Amino acid sequence: MPTNLELNSPCKINLLLNILGRRADGFHDLETLMYPVPLYDRLVFSQAGTGVSLSCSHPQLPTDSRNLVYRAAEMFLARTTIVEGVKIHLQKEIPHAAGLGGGSGNAATTLLGLNQLFDFPLTPAILHELAESLGSDIPFFLQEKPALATGRGEHISPLEFFPALNGYFILLIHPGFGISTPWAYQQLASFPQTLNGTPGRAAKLVSLLETNDWTHAEGEFFNSLEAPALEKYPILELIQVFLRQNGATVALMSGSGSATFGLIPDEKAGVELREKFFQRFGEKFWTALVPARG
Ligand code: C5P
């Protein structure tokens, strides 16, 4: 049994996020196509002391029960008979409140990491149960493939990587402010058509990406949560238009924002697009250019 473990904690983009309606419990039913992005926070786990002790490289992130890593670790220990405590360090690279699932990835990686550290006391089914009680996006990060997520996002059907994205690069742009997920969902009440989307759009996009049919796929990337976000923050629309005019096949907001992603056919075009973006918008924006596994 290892006493120390260091793991990468990835993030995601939503190639499509279609809200289907508001539920009685306040959540929203949706269908979303989640795609893993090879950009990572680091988590270091060790057995030490009693209870959970968390440190974080980002001074503005809480290190108590307001942090999903802390909550995931407490939940893990409570569900086992482990008497030892855990010490966890979180090295943040992924921007938060960005719609990239950084915090959700951290929580899932904590469940997986502690399970490994303590020699697998919990089954995958129990890990999934803990993950979904921690947050709608968290079960996705218990696996590593693209996935169709339904329900409030917790029902995961893994998919193979799409031939259409072979060789593609993802340019991520964070505008320097975050968007609160509850705010984004609440605002949908003012956009009734977007609130009650028609199911089937995710399956359609999957089928087009699987058959490499870019001609029809291009117009199918969609995110219901853009309606309130782009209205409140017009810069997000400007960024998207700029990306599309300068080499991106697709530009869309990820999750509840505020990050925008562009899909670019190759690395050279991605580097050029990022350079042009800096010239037009200034170098203050956080960006990352990473390969999309096809
Ligand atoms: O599940 P999670 O903690 O990530 O959700 C954060 C908030 O986002 C919820 O409290 C809810 O306001 C909103 N949400 C929603 N419908 C979903 C997922 C999230 O309304 N499917």
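**Serine 9.** I looked up serine 9 and found it buried, with a relative accessible area of 0%; buried means under 20% relative accessible area, exposed over 50%, and partly exposed in between, with a 1.4 Å probe and protein chains only. I place serine 9 in strand 1, residues 4-22. Here helices (H or I, at least four residues) and strands (E, at least two) are DSSP runs, numbered from the N terminus. I note a polar contact of 2.8 Å between the side chains of serine 9 and asparagine 106. Such a contact is a pair of N or O atoms within 3.5 Å; within protein, one must be able to donate a hydrogen and the other to accept it, and residues adjacent in sequence count only if both atoms are side-chain atoms.

**Basis of the entries.** I record that the model is predicted: local features need pLDDT of at least 70, side-chain atom pairs count only at pLDDT 80 or more, and totals for chains, interfaces and linings use all residues. Residues are numbered from 1 along each chain as its sequence is written, and side-chain values use heavy atoms, with hydrogens and water left out.

**Ligand.** I listed the residues around the ligand as Gly26, Phe27, His28, Leu30, Gly135, Ser136, Arg152, Thr181, Pro182 and Tyr185, a residue being near a molecule if one of its heavy atoms lies within 4 Å of it. By class, I recorded four nonpolar residues, five polar and one charged in this shell. Ala, Val, Leu, Ile, Met, Phe, Trp, Tyr, Cys and Pro count as nonpolar, Asp, Glu, Lys and Arg as charged, and the others, Gly among them, as polar.

I then checked the polar atoms. The side chain of histidine 28 has an N or O atom 2.7 Å from an oxygen atom of the ligand. A polar side-chain atom of serine 136 is 2.5 Å from a ligand oxygen atom. For arginine 152, a polar backbone atom lies 2.9 Å from a nitrogen atom of the ligand. The protein buries 73% of the 450 Å² that the ligand exposes when taken alone, by the Shrake-Rupley method with a 1.4 Å probe.

Strand 2 (28-47) and helix 4 (181-187) are the elements that give two or more residues to the shell. Helix 4 supplies the largest share, three residues.

I found aspartate 119 in the loop between helix 2 (102-117) and helix 3 (124-134). Its phi is positive, about 65 degrees, although aspartate 119 is not a glycine. Phenylalanine 120 is in the loop between helix 2 and helix 3 and has a positive phi near 60 degrees. I noted phenylalanine 120 as exposed, at 54% relative accessibility.

**Cis peptide bond.** The bond from glycine 257 to serine 258 is cis, with omega near 15 degrees. I located serine 258 in the loop between strand 9 (250-253) and strand 10 (260-264). For context, most residues other than glycine have a negative phi, and most peptide bonds are trans.

**Two C-alpha distances.** I found valine 241 in helix 9, residues 234-245, partly exposed at a relative accessible area of 34%. Valine 241 and alanine 251 are ten residues apart in sequence, with 7.7 Å from C-alpha to C-alpha. Lysine 145, in the loop between helix 3 and strand 5 (147-150), is partly exposed at 32% relative accessibility. I recorded 9.8 Å between the C-alpha atoms of lysine 145 and arginine 293, which are 148 residues apart along the chain.
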